Amino acid sequence: MCEGRKAMIDFYTWTTPNGRKVSIMLEEAGLPYEVHAIDIGKDEQFAPAFLKISPNNRIPAIVDRDADSGALPVFESGAILVYLAEKTGKFLAPKGEQRAKTLEWLMWQMSGVGPMLGQANHFINTAPEKIPYAMDRYIGEAARLIKVLDKRLGEANYMAGDYSIADMATYPWISIAFDLVRQAKPDVVGEGANVKRWLDMVGARPAVQRGMAVPEV
């Protein structure tokens, strides 16, 4: 967490892919931050104090104490990534094609990868009743999305061409799901060689490794 520098960002998070998107960005950008673990297993996200920061009662959220207008809370992981990228001028181009590509792949993750993999995990591991249709639907859509990603990564080293917040948003989800989905739907995913290469490249980054270990619990 950038030891030796005064933390200007309060970071509210837990050990989930959505939380780790933001911790990776904080580490990549070199921003000093203080971690506040919100244990969603104990429903700490419903505490009134956290509701003032995150109206949707979801992690992650930040409070930027260094904002021009004073302490500024920001919730929703995609919004936080864009905010931090614009604050630092890193990992999101200010205009043009590179910015458009980064935002379209970021929104692809937000609207597809996160919800579909989250629902697949729910119906496989959490739901009180095993519903074959629901499990197959969400695993199938997860496999289709991984195939889309594999095709894109056959065209470029990173999702938007250059390494960006789109990669940071997607890596925590795909890193835990790729092998499981590929085994469940090999006819859809195939070998996934481009995704495997990308996972290795992104996962080797020291800032990603540090971000994936936040919070320590």
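Let me start with strand 1: Ile9, Phe11 and Thr13 point one way from it, Asp10 and Tyr12 point the other way, and all are buried. Buried here means under 20% relative accessible area, exposed means over 50%, and partly exposed is in between, with a 1.4 Å probe and protein chains only. In a regular strand the side chains alternate between the two faces of the sheet. Strand 1 is mostly covered, with five of its five residues buried.

Before going on, a word on the basis. This is a predicted model, in which local features need pLDDT of at least 70 and side-chain atom pairs count only at pLDDT 80 or more, while totals for chains, interfaces and linings use all residues. Residues are numbered from 1 along each chain as its sequence is written, and side-chain values use heavy atoms, with hydrogens and water left out. Helices (H or I, at least four residues) and strands (E, at least two) are DSSP runs, numbered from the N terminus.

Now the sheet. In what order do the four strands of the open sheet lie? The order is 2-1-3-4, and the pairing is mixed. Two strands pair if DSSP finds at least two bridges between them. Strand 2 and strand 4, residues 72-75, are the edge strands, each pairing on one side only. On average, neighbouring strands of this sheet are turned by 20 degrees against each other, direction ignored. For angles in general, axes are lines fitted to C-alpha atoms, for helices over the stretch in contact, and angles run from 0 to 180 degrees between N-to-C directions.

Strand 1, residues 9-13, runs parallel to strand 2, and five bridges join them. Within that pair, Asp10 stands opposite Glu34, and Phe11 stands opposite Val35.

Helix 1, residues 17-29, packs on it and touches strand 1, strand 2 and strand 3 (61-64); the direction of helix 1 makes about 155 degrees with that of strand 1. Contact means heavy atoms within 4.5 Å. Helix 3 lies across strand 1, strand 3 and strand 4, and runs at about 130 degrees to strand 4.

Helix 3 also meets helix 4. The axes of helix 3 (residues 77-88) and helix 4 come within 10 Å and cross at roughly 155 degrees. That makes helix 3 roughly antiparallel to helix 4; angles over 145 degrees count as roughly antiparallel, under 35 as roughly parallel, 65 to 115 as roughly perpendicular, and the rest as oblique. Their crossing is right-handed. A crossing is right-handed if the near helix is turned clockwise from the far one by less than a right angle, and left-handed if anticlockwise. Helix 3 contributes Ser77, Gly78, Leu81, Val82 and Glu86 to the contact, and helix 4 contributes Arg99, Leu103, Leu106 and Met110. By type, these residues divide into five nonpolar, two polar and two charged. Ala, Val, Leu, Ile, Met, Phe, Trp, Tyr, Cys and Pro count as nonpolar, Asp, Glu, Lys and Arg as charged, and the others, Gly among them, as polar.

Next, helix 4 with helix 5. The axes of helix 4 (residues 96-126) and helix 5 (residues 132-153) come within 8 Å and cross at roughly 145 degrees. This crossing is left-handed. From helix 4 the contact includes Trp105, Trp108, Met116 and Phe123, and from helix 5 it includes Met135, Tyr138, Leu145 and Arg152. The residues of this contact divide into 16 nonpolar, two polar and two charged.

Last, some local points in the backbone. Most residues other than glycine have a negative phi, and most peptide bonds are trans. Which bonds go the other way? The peptide bond from Ile59 to Pro60 is cis, with omega near 0 degrees, and Pro60 is in the loop between helix 2 and strand 3. The bond from Val214 to Pro215 is also cis, with omega near 0 degrees; Pro215 is in the segment after helix 9 (206-211).As for phi, Asn57 is not a glycine but has a positive value of about 55 degrees. Asn57 is in the loop between helix 2 and strand 3, and counts as buried at 14% relative accessibility. Glu76, in the loop between strand 4 and helix 3, has a positive phi of about 80 degrees. Is Glu76 buried or partly exposed? Glu76 is partly exposed, with a relative accessible area of 32%.

Asn57 also has Gln45 as a contact. Gln45 is in the loop between strand 2 (33-37) and helix 2 (48-51), and is buried at a relative accessible area of 9%. Not counting residues up to four places away in sequence, Gln45 touches Ile38, Asp39, Ile40, Phe50 and Asn57.
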